[in-house]
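Hi,

Here is the structure for you to look over. My notes follow below it.

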Amino acid sequence: MGKKFIKIRLKAYDHRLLDDSSKKIIDAVKDSDVKLSGPIPLPVEKSVYSVIRSPHKYSYSMEQFEKRVHKRVIYIYDASSETVTKLLKVKLPAGVAVDIKA
C-alpha cells in the first residue's frame with residue numbers, strides 16, 4: 001500500500017500572489033503534525049499572441065502580447081481530517097486557481 005497524500009496545485013498570472021497563497025496554505029497546515037513538501041515551482045506556461053495593428057496598408061506591422069501562467073505544487077503526506085478542514089478554511093485571493101487531489 002503506497003503513501004497517501006494530498007496534492008494541491010496552484011495557478012495564477014501573478015507570481016507574488018501565488019507565493020503568498022502557498023505561504024498561507026503552509027502556515028495553516030503546519031499546526032497539525034503532517035509532513036509536507038513544497039511549494040515546488042513548475043515551469044511557466046507562456047503563450048505569445050501576435051496581432052496585426054492595421055488590417056489594410058501596414059499589414060506587416062504587428063503587436064505582440066504574452067500571457068504567463070505560474071504554477072506551484074504542494075504535497076501533504078499523512079493528512080488527518082483536521083488537516084483537511086484547516087485547508088478548506090484558508091481564504092485565498094481571487095486571482096489564484098486551486099486544484100486539490102487526494
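**Contacts and overall form**

Among contacts in the chain between residues at least 6 apart in sequence, 75% join residues at least 24 apart. Please keep in mind that this is a predicted model.

The chain holds two helices and four strands. Their order along the sequence is β-α-β-β-α-β. The chain is more spread out than a compact globule, because its radius of gyration is 19 Å, well over the 13 Å that the globule rule gives for 102 residues. Along the principal axes, the C-alpha atoms fill a box of roughly 65 × 30 × 15 Å.

On burial: 24% of the 102 residues count as buried. The accessible surface is about 7400 Å². Carbon and sulfur atoms account for 54% of that surface.

Now the strand pairing. Strand β3 spans residues 62–77 and runs antiparallel to β1, residues 5–12. Eight bridges join β1 and β3. Glu-45 stands opposite Val-69 of β3.

Last, the annotation. An unreviewed UniProt entry gives residues 7–101 as "domain: Small ribosomal subunit protein uS10". That span is 25% helix and 47% strand. How far apart are the end C-alpha atoms of residues 7–101? They lie 5 Å apart.

Best regards

Terms used: Residues are numbered from 1 along each chain as its sequence is written. This is a predicted model: local features need pLDDT of at least 70, side-chain atom pairs count only at pLDDT 80 or more; totals for chains, interfaces and linings use all residues. Side-chain values use heavy atoms; hydrogens and water are left out. Two strands pair if DSSP finds at least two bridges between them. UniProt positions are given in the numbering used here, feature names are shortened, and annotations may be inferred rather than shown by experiment. The radius of gyration is taken over C-alpha atoms; the globule rule is 2.2 Å times the number of residues to the power 0.38. Buried means under 20% relative accessible area, exposed over 50%, partly exposed in between (1.4 Å probe, protein chains only). Contact means heavy atoms within 4.5 Å. Accessible areas come from the Shrake-Rupley method with a 1.4 Å probe; for residues, only the protein chains shown count as cover.
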